[in-house]
Amino acid sequence: LYTHFIISLFLLLMIDKSISDDPTLMRKILWLKATRNSYTAIGKYLIYHRTTIKRMYDNILDKLTNKIIKELQQFGAVTPFTSSDLIESGKRLKAFGVETEEIVAVTKRLADVAGTVGQPLGEIVAAYGKIQARGKLTLETLEPLQIRGINITDELSKMTGLYGDELTKAMSKGKIGAGLVEQAFKNLTSESGLYFEGAIKQSET
(Lines give C-alpha, C1' and ligand atoms only; values in the text may rest on other atoms or scores of the structure.)
Protein backbone atom coordinates (compact mmCIF):
# COMPACT_ATOMS: atom_id res chain seq x y z
CA LEU A 1 0.00 0.00 0.00
CA TYR A 2 2.85 2.42 0.87
CA THR A 3 4.42 1.76 -2.55
CA HIS A 4 1.11 2.49 -4.25
CA PHE A 5 0.88 5.73 -2.29
CA ILE A 6 4.31 6.85 -3.54
CA ILE A 7 3.41 5.88 -7.11
CA SER A 8 0.20 7.89 -6.84
CA LEU A 9 2.11 10.93 -5.60
CA PHE A 10 4.62 10.58 -8.43
CA LEU A 11 1.85 10.34 -11.03
CA LEU A 12 0.12 13.40 -9.63
CA LEU A 13 3.30 15.47 -9.73
CA MET A 14 4.16 14.34 -13.28
CA ILE A 15 0.81 15.13 -14.90
CA ASP A 16 0.90 18.48 -16.69
CA LYS A 17 -0.98 19.26 -19.89
CA SER A 18 -3.11 16.21 -20.60
CA ILE A 19 -5.58 13.92 -18.91
CA SER A 20 -5.02 10.21 -19.14
CA ASP A 21 -7.95 8.22 -20.47
CA ASP A 22 -6.96 5.43 -18.10
CA PRO A 23 -9.60 5.38 -15.33
CA THR A 24 -7.17 3.47 -13.10
CA LEU A 25 -4.90 6.48 -13.08
CA MET A 26 -7.74 8.77 -12.11
CA ARG A 27 -8.73 6.44 -9.28
CA LYS A 28 -5.16 6.51 -8.00
CA ILE A 29 -5.24 10.28 -7.96
CA LEU A 30 -8.58 10.35 -6.15
CA TRP A 31 -7.29 7.72 -3.71
CA LEU A 32 -4.24 9.87 -3.08
CA LYS A 33 -6.46 12.78 -2.10
CA ALA A 34 -8.52 10.61 0.24
CA THR A 35 -5.53 9.03 2.03
CA ARG A 36 -2.93 11.78 1.97
CA ASN A 37 -2.78 11.99 5.77
CA SER A 38 -2.41 8.26 6.36
CA TYR A 39 1.36 8.33 6.58
CA THR A 40 3.18 10.84 8.76
CA ALA A 41 6.19 11.49 6.51
CA ILE A 42 4.14 11.79 3.33
CA GLY A 43 1.49 13.73 5.20
CA LYS A 44 4.07 16.31 6.29
CA TYR A 45 5.36 16.57 2.74
CA LEU A 46 1.85 17.12 1.39
CA ILE A 47 1.09 19.72 4.04
CA TYR A 48 4.29 21.57 3.16
CA HIS A 49 3.47 21.49 -0.56
CA ARG A 50 -0.31 21.55 -0.19
CA THR A 51 -0.84 24.71 -2.25
CA THR A 52 1.07 23.42 -5.26
CA ILE A 53 -0.43 19.94 -5.11
CA LYS A 54 -3.97 21.24 -4.60
CA ARG A 55 -3.57 23.53 -7.62
CA MET A 56 -2.32 20.62 -9.75
CA TYR A 57 -5.10 18.38 -8.50
CA ASP A 58 -7.73 21.04 -9.24
CA ASN A 59 -6.24 21.54 -12.71
CA ILE A 60 -6.58 17.82 -13.38
CA LEU A 61 -10.24 17.85 -12.35
CA ASP A 62 -10.87 20.99 -14.40
CA LYS A 63 -9.39 19.33 -17.48
CA LEU A 64 -11.42 16.20 -16.86
CA THR A 65 -14.58 18.31 -16.46
CA ASN A 66 -13.83 20.12 -19.72
CA LYS A 67 -13.31 16.77 -21.44
CA ILE A 68 -16.71 15.55 -20.21
CA ILE A 69 -18.45 18.77 -21.28
CA LYS A 70 -16.91 18.58 -24.75
CA GLU A 71 -18.01 14.97 -25.25
CA LEU A 72 -21.55 15.74 -24.11
CA GLN A 73 -21.70 18.77 -26.41
CA GLN A 74 -20.63 16.58 -29.33
CA PHE A 75 -23.31 14.05 -28.44
CA GLY A 76 -25.90 16.81 -28.18
CA ALA A 77 -25.07 17.94 -31.71
CA VAL A 78 -26.39 14.66 -33.17
CA THR A 79 -29.33 14.09 -30.81
CA PRO A 80 -32.47 16.03 -29.91
CA PHE A 81 -31.08 16.77 -26.45
CA THR A 82 -29.49 20.15 -25.78
CA SER A 83 -25.95 20.42 -24.46
CA SER A 84 -27.24 22.09 -21.31
CA ASP A 85 -29.66 19.20 -20.65
CA LEU A 86 -26.90 16.64 -21.11
CA ILE A 87 -24.41 18.54 -18.95
CA GLU A 88 -27.01 19.02 -16.22
CA SER A 89 -27.75 15.28 -16.38
CA GLY A 90 -24.05 14.57 -15.97
CA LYS A 91 -23.89 16.81 -12.90
CA ARG A 92 -26.87 15.06 -11.36
CA LEU A 93 -25.39 11.63 -12.02
CA LYS A 94 -22.17 12.72 -10.33
CA ALA A 95 -24.17 13.90 -7.34
CA PHE A 96 -25.86 10.48 -7.20
CA GLY A 97 -22.43 8.85 -6.96
CA VAL A 98 -21.66 7.81 -10.53
CA GLU A 99 -17.90 7.62 -11.10
CA THR A 100 -16.47 10.60 -12.97
CA GLU A 101 -15.03 8.48 -15.78
CA GLU A 102 -18.46 6.89 -16.31
CA ILE A 103 -20.54 10.06 -16.50
CA VAL A 104 -20.44 10.45 -20.29
CA ALA A 105 -21.21 6.79 -20.99
CA VAL A 106 -24.08 6.65 -18.48
CA THR A 107 -25.56 9.93 -19.73
CA LYS A 108 -25.51 8.62 -23.29
CA ARG A 109 -27.18 5.37 -22.25
CA LEU A 110 -29.96 7.17 -20.41
CA ALA A 111 -30.41 9.53 -23.35
CA ASP A 112 -30.84 6.50 -25.62
CA VAL A 113 -33.51 5.18 -23.28
CA ALA A 114 -35.22 8.58 -23.08
CA GLY A 115 -35.14 8.89 -26.86
CA THR A 116 -36.71 5.49 -27.36
CA VAL A 117 -39.53 5.79 -24.83
CA GLY A 118 -40.12 9.50 -25.46
CA GLN A 119 -39.72 10.59 -21.85
CA PRO A 120 -37.79 13.55 -20.34
CA LEU A 121 -34.13 12.76 -19.82
CA GLY A 122 -34.08 14.48 -16.43
CA GLU A 123 -36.78 12.20 -15.06
CA ILE A 124 -34.94 9.08 -16.19
CA VAL A 125 -31.68 10.37 -14.73
CA ALA A 126 -33.43 10.93 -11.41
CA ALA A 127 -34.91 7.43 -11.40
CA TYR A 128 -31.58 5.80 -12.33
CA GLY A 129 -29.66 7.98 -9.89
CA LYS A 130 -31.80 7.00 -6.92
CA ILE A 131 -31.08 3.34 -7.60
CA GLN A 132 -27.35 4.00 -7.77
CA ALA A 133 -27.41 6.16 -4.64
CA ARG A 134 -29.21 3.46 -2.65
CA GLY A 135 -27.02 0.74 -4.06
CA LYS A 136 -29.90 -1.54 -4.92
CA LEU A 137 -33.14 -1.84 -6.86
CA THR A 138 -36.35 -1.93 -4.84
CA LEU A 139 -39.99 -1.98 -5.85
CA GLU A 140 -40.13 1.69 -4.92
CA THR A 141 -37.20 2.69 -7.15
CA LEU A 142 -38.39 0.43 -9.97
CA GLU A 143 -41.80 2.15 -10.19
CA PRO A 144 -40.56 5.45 -11.72
CA LEU A 145 -38.98 3.46 -14.56
CA GLN A 146 -42.09 1.38 -15.14
CA ILE A 147 -44.33 4.45 -15.16
CA ARG A 148 -42.19 5.86 -17.98
CA GLY A 149 -42.41 2.68 -20.02
CA ILE A 150 -38.87 1.50 -19.30
CA ASN A 151 -38.60 -2.26 -19.04
CA ILE A 152 -35.52 -3.49 -17.23
CA THR A 153 -37.14 -6.44 -15.45
CA ASP A 154 -37.02 -8.71 -18.51
CA GLU A 155 -33.30 -8.04 -18.85
CA LEU A 156 -32.74 -8.56 -15.12
CA SER A 157 -34.58 -11.88 -15.37
CA LYS A 158 -32.27 -13.00 -18.16
CA MET A 159 -29.25 -11.97 -16.11
CA THR A 160 -30.31 -13.50 -12.78
CA GLY A 161 -32.52 -16.41 -13.82
CA LEU A 162 -35.25 -15.00 -11.58
CA TYR A 163 -38.68 -14.46 -13.09
CA GLY A 164 -42.00 -13.05 -11.88
CA ASP A 165 -42.51 -13.38 -8.14
CA GLU A 166 -38.96 -14.66 -7.63
CA LEU A 167 -37.52 -11.43 -9.02
CA THR A 168 -40.00 -9.36 -7.01
CA LYS A 169 -38.99 -11.15 -3.81
CA ALA A 170 -35.33 -10.63 -4.58
CA MET A 171 -35.95 -6.90 -5.01
CA SER A 172 -37.93 -6.70 -1.78
CA LYS A 173 -35.01 -8.33 0.04
CA GLY A 174 -32.49 -5.92 -1.49
CA LYS A 175 -30.73 -8.64 -3.48
CA ILE A 176 -30.77 -6.83 -6.84
CA GLY A 177 -27.79 -4.52 -6.55
CA ALA A 178 -27.20 -1.27 -8.40
CA GLY A 179 -24.43 -2.99 -10.35
CA LEU A 180 -26.96 -5.37 -11.91
CA VAL A 181 -29.15 -2.43 -12.89
CA GLU A 182 -26.16 -0.68 -14.45
CA GLN A 183 -25.34 -3.81 -16.46
CA ALA A 184 -28.99 -4.15 -17.53
CA PHE A 185 -28.90 -0.62 -18.95
CA LYS A 186 -25.64 -1.43 -20.72
CA ASN A 187 -27.21 -4.50 -22.29
CA LEU A 188 -30.39 -2.68 -23.27
CA THR A 189 -28.47 0.10 -25.01
CA SER A 190 -25.92 -2.15 -26.70
CA GLU A 191 -26.15 -2.97 -30.42
CA SER A 192 -28.67 -5.75 -29.90
CA GLY A 193 -30.53 -3.98 -27.11
CA LEU A 194 -34.05 -2.59 -27.03
CA TYR A 195 -32.87 1.02 -26.64
CA PHE A 196 -29.82 0.98 -28.91
CA GLU A 197 -29.04 4.48 -30.31
CA GLY A 198 -32.48 5.68 -29.23
CA ALA A 199 -31.32 9.28 -28.92
CA ILE A 200 -29.92 9.43 -32.44
CA LYS A 201 -32.92 7.63 -33.90
CA GLN A 202 -35.27 10.14 -32.30
CA SER A 203 -33.36 12.99 -33.94
CA GLU A 204 -33.96 11.37 -37.32
CA THR A 205 -37.74 11.20 -36.93
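In the predicted model, Thr 141 is located in helix α8, which spans residues 139-147. Thr 141 is buried, its relative accessible area being 4%. When residues up to four places away in sequence are not counted, Thr 141 touches Ile 131, Arg 134 and Lys 136.

With neighbours within four places in sequence left aside, the residues in contact with Ser 89 are Thr 107, Leu 121 and Val 125.

Aromatic pairing was then considered. One aromatic pair was found in a search of the whole structure. The pair is formed by Tyr 128 and Phe 185, whose ring centres lie 5.2 Å apart. Because the ring planes stand at 90°, the arrangement is edge-to-face, the criterion for this class being an angle over 60 degrees. Tyr 128 belongs to helix α7 (residues 121-134), whereas Phe 185 belongs to helix α11 (residues 178-188). The pair therefore ties together parts that are 57 residues apart in sequence. Both partners are buried: Tyr 128 has a relative accessibility of 2%, and Phe 185 has a relative accessibility of 1%.

Key: Residues numbered from 1 in each chain as written. Predicted model: local features only at pLDDT ≥ 70, side-chain atom pairs only at ≥ 80, totals over all residues. Heavy atoms only, no water. Contact = heavy atoms within 4.5 Å. Helix = DSSP H or I, 4+ residues; strand = E, 2+ residues; numbered from the N terminus. Buried < 20%, exposed > 50% of the residue type's maximum accessible area, 1.4 Å probe, protein only. Phe/Tyr/Trp six-rings, centres within 6.5 Å; stacked < 30°, edge-to-face > 60°.
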